[in-house]
Amino acid sequence: MEKKYSLSFDQLSKLLSSIVFLAVIVGLVFVVLDYFSGNLAKDNTKGLVVTALIFLIIIVYAFSPKYYSTSKNSIFITTPSKKIEILKKDINDVVLLDNHSSFKRLKLFSSGGLFGYIGYYIIPNYGRVFSYASRLDNQILILTDNNKYIISPDDLSMIDEIKN
């Protein structure tokens, strides 16, 4: 039986996501106005920008974490597009990251706040990690032989569940 752990988004993530949504809505309004005024056929730049933003939102949302769960033998990271399983027997270490470590990261390919903090980062002393975090605090680094993951459950007692 799986035990489910909720997650919530921090203020920065909520703000950035809201700004991006607002930009898309404003962009769509301008595209529709251009369409009805006949200008869209002359210059489709606005349409391309809005389409690119919508595509970006869909991709980032597909990988954003929805919840975490644990079972007797595994940890699961559930996103809209997939469910990632980490076997407990493969875990070498579990580290609670301090709140300031998020500012010491190098982004490789990531979303720094849109629907959370998702993607590849380089963290000093740990190397390349994949983050499925929704906030900058409560971040747990899970180290396995093959991969490193960051998650951010609301309830930090998940660390004890992972270690058992």
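The structure is a predicted model, for which local features need pLDDT of at least 70, side-chain atom pairs count only at pLDDT 80 or more, and totals for chains, interfaces and linings use all residues. Residues are numbered from 1 along each chain as its sequence is written, and side-chain values use heavy atoms, with hydrogens and water left out. The predictor's confidence in each residue is given as pLDDT, on a scale from 0 to 100. The protein chain has a mean pLDDT of 85, and 90% of its residues reach 70 or more. Among the elements of the chain, the lowest mean pLDDT, 68, belongs to strand S6 (residues 106–113), and the highest, 95, to strand S3 (residues 74–78). Helices (H or I, at least four residues) and strands (E, at least two) are DSSP runs, numbered from the N terminus.

Four strands form an open sheet in the order S1-S2-S3-S4, with antiparallel pairing; two strands count as paired if DSSP finds at least two bridges between them. Strand S1 (3–5) and strand S4 (83–87) are the edge strands, each pairing on one side only. From one strand to the next, the twist averages 20°, where axes are lines fitted to C-alpha atoms, for helices over the stretch in contact, and angles run from 0 to 180 degrees between N-to-C directions. S1 and strand S2 (residues 67–70) run antiparallel and are joined by three bridges. Within this pairing, Lys4 has Ser69 in S2 as its bridge partner.

Strand S8 (residues 127–133) pairs with two further strands, S7 and S10. With strand S7 (residues 116–123), the pairing is antiparallel and extends over seven bridges. Ile123 stands opposite Gly127 in S8. The hairpin of S7 and S8 has three residues between the strands, and Asn125 takes a positive phi near 75° there. With strand S10 (residues 148–151), S8 runs parallel, and three bridges join the two. Phe130 has Tyr149 in S10 as its bridge partner. S8 is mostly covered, five of its seven residues being buried. Burial is assigned by relative accessible area: buried means under 20%, exposed over 50%, and partly exposed in between (1.4 Å probe, protein chains only).

Helix H1 (residues 11–37) contains Val26, which is partly exposed at a relative accessible area of 37%. Val26 contributes to a nonpolar surface patch of about 560 Å², made together with Leu22, Ile25, Val29, Phe30 and Leu33. Patches consist of residues with over 30% relative accessible area and no salt bridge, like charges being joined within 9 Å and nonpolar side chains (Val, Leu, Ile, Met, Phe, Trp, Tyr) within 5 Å. Accessible areas come from the Shrake-Rupley method with a 1.4 Å probe, and for residues only the protein chains shown count as cover. Leu16 also lies in helix H1 and is partly exposed, with a relative accessible area of 30%. The C-alpha atoms of Leu16 and Gly116 are separated by 9.3 Å, although the two residues are 100 apart along the chain.

Side chains of opposite charge can pair when their charged atoms come close. A salt bridge is defined as a side-chain nitrogen of Lys or Arg within 4 Å of a carboxyl oxygen of Asp or Glu, and by this rule the count comes to five. One of these joins the side chains of Glu2 and Lys83, at 3.1 Å from N to O. This pair links distant parts of the chain, with Glu2 in the segment before S1 and Lys83 in strand S4, 81 residues apart. Glu2 is partly exposed at 37% relative accessibility, and Lys83 is partly exposed at 43%.

Arg135, Asp137 and Asp154 are linked in a network of salt bridges. The closest N and O atoms are 2.4 Å apart in the salt bridge of Arg135 with Asp137 and 3.7 Å apart in that of Arg135 with Asp154. Arg135 lies in the loop between S8 and strand S9 (140–144) and Asp154 in the loop between S10 and helix H3 (158–163), so the pair ties together parts that are 19 residues apart in sequence. Arg135 is buried, with a relative accessible area of 15%. Asp137 is partly exposed at 25%, and Asp154 is partly exposed at 32%.
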